[in-house]
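Here is a short note for a first look at this model. Please read the points in order.

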Amino acid sequence: MSIQPVLLWSDVLLFVLMASIGGLSLWARRQDALRAAWARVARNPVAMSAATVLAAFVLIGLLDSVHYRARLPAQPGAETRYSVEVNSALDAVLADLRQRAEKTYSAPLATHLFAKEALENSAQREFPRLKFGGAHLGADLAAHEFDIAVRVSRGCAAGMLLWLLMASLWCRLADLELIATLKQLREGNQGSGAGNPATGAVFVTLLGILLLLGIAISLGGGYHVFGTDKVGQDVLYLSLKSIRTGLLIGTLTTLVMLPLAVLLGILAGYVGGWVDDLIQYLYTTLSSIPGVLLIAAAVLMMQVIIDTHPDWFATSAERADARLLALCLILGMTSWTGVARLLRGETLKLRELEFVQAAQAFGVGRFAIMRRHILPNLMHIVLIALVMDFSGLVLAEAVLSYVGVGVDPSTISFGTMINTARMELAREPMVWWSLVAAFAFMFALVLAANLFADAVRDAFDPRSSA
Amino acid sequence: MLAYIIRRLLYAIPILIGVNLLTFALFFVVNTPDDMARMQLGVKRVTPEAIQKWKVERGYDKPLVWNAAAAGSATLTDTIFFSKSVRMFAGDFGRADDGRDISREIGSRMGPSLAIALPTFVLGLFVAISFALLLVFFRATTLDFAGVVLCVAMMSISGLFYIIGGQWLVSKVWHLVPISGYGGGLDAAKFLILPVIIGVFGGIGSSTRWYRTIFLEEITRDYVRTARAKGLPERVVLFRHVLRNAMIPILTGVVVVIPSLFMGSLLTESFFGIPGLGSYTIDAINAQDFAVVRSMVFIGSVLYIAGLLLTDISYTLADPRVRLQ
Amino acid sequence: MTILSVRDLAIHIPPGDFRPGAGIARPVDGISFDITPGECFALLGESGCGKSMTALGIMRLLPIAARAVAGTVNFEGRDLLALPESGMRDVRGGGIGMIFQEPATSLNPVLTVGRQIVEALELHSAMRGQAARARAAELLDQVGIPDPLRRLDEFPFQLSGGLRQRVMIAIALAGEPRLLIADEPTTALDVTIQAQVLDLLDDLRRKQGMALLLITHDLGVVARMADRVGVMYGGQLVEEAPRAAFFSQAAHPYSVRLFAALPDAKRRGGRLATIPGSVPAADVRHLGCRFAERCSEAVLACAATPPPWRVVETGQRVRCHLPGAAPAALPQIGAGAAVLAIAARPLLEVSDLQVHFPIRRGILQRAVGAVRAVDGMSLQLMAGRTLALVGESGCGKTTAGKAMLQLIRPTAGRVQLDGVELTTRSAAELRPLRAKMQMVFQDPFASLNPRLRIGDIIAEGMQALGTGAMGANGSMGDNGGDTAAKVGPLLEQVGLRADMVDRYPHEFSGGQRQRIAIARALAVHPQLLICDEPTSALDVSVQAQILNLLSDLQRDLKLAYLFITHNIAVVDYLAHDVAVMYLGRVVERGTADEVLRQSRHPYTQALLAAVPRIDGLGPLVVKLAGDMPSPANPPAGCHFHPRCPLADDACRRDYPPERRFGATHAVRCIKA
Ligand code: SF4
Ligand code: SF4
């Protein structure tokens, strides 16, 4: 075997999360009310195109979560050894981007480095040619712009082709006339009364994604699309790698916090008495500490632990992973209070409802009531909290990493990208591309998440039908 | 009413004790002072003597909670817990790693923090509420829809972007105000304008959306229909009836942060080089100055609890149903 | 001469996000009527018939999604639907005043009463400042609020429901409107308060010559107030008649059924007429008569062509294909079997039951007093009989019912079920006894868990109690092995289909949900069913179905009912015994005849007198003034003395002892 699979803890949790989302959706299919609510989401064009974008991000994140160690070239006689470097499936896909590192900064699509250097055997300082960016042009630098145009149009064409392929496949499956459907799409999708009004939006979004993908691949073959950073790494590669970190923080944190919040919130609301007092005391105390400070304190302490026990981690990837997980844990521990408070309030209302009293009249036990009658009626709040928190957490990661209490500096994330890029702003002329790339990717992810979350909330929260 | 406030004050005590115990556990039990010393000194310089010296310098050489070696009450007082945690209640935060008195430092830094946080808060509140009222006035129209989309887009942008982008645009491209720094007196204004505007701008998206939701929920109430049935114009309905009632949930969400304004803003202060508590905290975190971080945690919770109390009071004032019962 | 003339008004709601695939809803679908100055026109109909939507449409206060798509609303010569918004604002409040159903939510909670009246005054008159304030006080005085100057500075929450509705009326009067629209003005109020408010409205109308558009579902209110009646069904008027003609001989088959569905003493022990099925949904398109599916007189033409308006001899206009005014004879109803023989065995015995909720105050939250929700009540319920517990809201009747079931633990007193003391038992010890007593709740929408299937809802009790084995009837005596198999028959027993087990509650109407709730209780074979206002959330025709079901079940299963209600007509129809509660205590009890026809307690008498009657007979006794005091602070002596017309010093001193009149009749009043 030429590779050795590596299962990081965060990978495990991420896949568990995916599996449980799958399981939950199976369960939700059987629940009329939930199915109806999801159907409302599915008919919302904005939500569905946001979901398409999210799906693209998730796909990248998942690819980036299949980790392995490559086998080192076999030494005769020695047993097989594996590289200490842990790579992911995404790294393999993007091997070109990853390996074609330049010496230092270069602007997007540039052919030369950003700073002048003293060339060998010459006293002059010049912009040296890049090792990879535009290398295929050879001496024919005049063709630079033309080449870019060609590549862009080639990328567009490829994306378009791929899209048409997918569209026709879908039409075949859904038994529709391709041409007629496309026409309908062009006419703003009004007439398709029978179909889902969101289908058109999904396809338009898909077209956008595929076009971008096509262009990126076609340009990326010869250039650094977003330039390179200080040590010459391709910024596009860094941005793509950051996605996984953002997704992990956004989802695992909620995963950590939810069971606690749900359990304590319901207990406090339903059981009441001293249990309520205790739980309220607990969350008031925790939430009285300013979030960033509590996180900072906890992360500092955790850093001490990690630093004093270097022997726990086999590779640096594992250490970074541990820190990432610990960050999720800490974020989770500090953010469960809000949801718990919300659930407690809602439980207090539910407790007085007549169906709960009817169950009490049958002598149904407390825990059975909480499980059968309270919890299912709180699920929509839990879901809303989950999707609403996601985007906030992705943004928080950037801030925390900037403050220095975020992910491990060796972990590629939006926060670390911004943090390093910030120093480069002071250079004259400015190195803006890694900053812009990070912000752009983060914006796309967060905006999609926010739009999707809005639609989910509208569909599930009976009050927000306005 | 008075009894109510006193009760809330009494309730704050166990919470502060809880915060204190928590920070103590976090800083001294999860990690021993030895660990901290090792980390601060760096791997190369770790020797038992160096650790001991580091601890003595900072008063971390005592037992945690029980000093068996001491006599009398000193068994309790001559400990880390007493000297580091209990004395915080008296406002004594000890010294930072650079030897300065933390209490003194905090006192001198609150001013600049407030100078930037307070205008940001007031202006932000005003702008967001006006904006939200505007959207609600034109609810279910294209303007409303566009406004909401704009809000969602604005809240999807990282706060860091607002700061970096704002600094670049206003200071570097337009050269309107200095990029960072701080001065006393009237001079302060020119340093404060940019961070305040950026702070307001960065918060508009989410708060406008939140207020809009509250207003919309309020506008479906029966009393609004009554007001319309009187023949009141929509403008009066909105300002006299809806706004007053919506103030109650808004107050609960907003008042709680007022005392915490003293804490300043971590990001803004550090980006703009304003010598407030926010940048103090960031510096402490970066320098891993545990004493300062611990002190800020404590002060932060005190202010938060004060905020809770203030919320209760303002709530009581705003809502006659609570005030008169 | 008309003041308001509505022609072919139609209001549509396009399908929104929440009803994908549904058609356009037409809550009001072509309605025409006229009101002359000083007249009271009542729009009568069950929920969902479009009557409130009509009122809102006239005022142009429709919810944002709904739009008036056709017709005209002519008020004093102007078409309101064509007015610009600014012109409409003068009409609102100035020309047409409006009051709403819920006085609790219809007033702005953070503005004083005075402010809310003055606001209207400033809008429609030149009065400002002190003058406006004085006028506001005058208005409060006019609507019968005592101490108006003090009330001006109070907030709505400081007033009782009745006073709030009076304030609403004062606000509506501020602009001196020529027409007042009252949308279910007394539905949220107790009967004694309802009587006060109706009197007030009637009085104002006569004195000020103001026309009144009264929207209601209550035939009694119509009989009390209206000059003319319009009966609405499915978004249209189906009958329009002068009051006298309507009440002596309703003409439309639907109206006739509404009357027949009303419970009262004459029908005791018999069955009530019901209207099968339920009101059609607002987005259904109709070819013929809207009532055709539920009409037993329907002829072929009914389903195909919409019936035209026809004038019948008695002067009313009807929309029906049938030639005569009177519909074919209804199945003879009423006068059922004799009352069950009195069972000797008391099933439920309650003595001195008290439920107090502590009021905590001060720094240490010490209990400084208590809300005495139930303050020493005693009663007895015989097996197989129905005891009605009657009282106005806040008298503690619901709390009492829950305390008997031990859902709320009583503060003191004893509750014995079949000779077994309940109050001293722990939750675990109570469990086996719970199969004997069950409860049916008021709100059919809150009493079923929306996330469970009907089958699971009904099986819940059987699973929790492992029933069957302990069932008193012993007919299904196995050990609850296949509960699922028993759910089907239960559903059929309450008149639903067995194949509904896999559905969710939201697919059912209110009446069907109440049937499910009854099936859930029956599943464990109880001997005692505590019914807490089981029909108060339902329309009359559906209420009749549920009452019929309950009496069938009593006959078949020998159930005993403790029927908690404020509806005297229902009590008269089905109760064997009656206990009247006031402020946490039973003030009068006895058989239904004794209490309802030979009542001796002044409160009972006032309560009975306050019920509006459909036979046109006016009230016989003086009406009650004032409101029920707070149970946190009951008056000394007889709790009723502040409102009692007979009260004297002796009444203010001691709480009256129970005086007996005959074997069953007991009254707590010294003057009885
Ligand atoms: S028109 Fe026909 S269906 Fe309609 S009420 Fe008359 S008889 Fe019944
Ligand atoms: S005891 Fe007196 S106050 Fe009470 S009901 Fe009888 S007469 Fe009235």
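1. How many bridges join strand 9 of chain C to strand 10 of chain C? There are 6, and the two strands (residues 228–233 and 236–242) run antiparallel. C:Y233 stands opposite C:Q236 in strand 10 of chain C. Strands here are DSSP runs of E with at least two residues, helices are runs of H or I with at least four, and both are numbered from the N terminus.

2. This is a predicted model; local features need pLDDT of at least 70, side-chain atom pairs count only at pLDDT 80 or more, and totals for chains, interfaces and linings use all residues. Residues are numbered from 1 along each chain as its sequence is written, chains are lettered from A and ligands numbered from 1 in the order in which they are written, and side-chain values use heavy atoms, without hydrogens and water.

3. Two strands pair if DSSP finds at least two bridges between them.

4. Contact means heavy atoms within 4.5 Å.

5. Turn to chain A. A:H67 lies in strand 2 (residues 67–71). A:H67 counts as buried because its relative accessibility is 9% (buried is under 20% relative accessible area, with a 1.4 Å probe and protein chains only). Beyond four places in sequence, A:H67 touches residues including A:P5, A:D11 and A:R244.

Methods. Buried means under 20% relative accessible area, exposed over 50%, partly exposed in between (1.4 Å probe, protein chains only).
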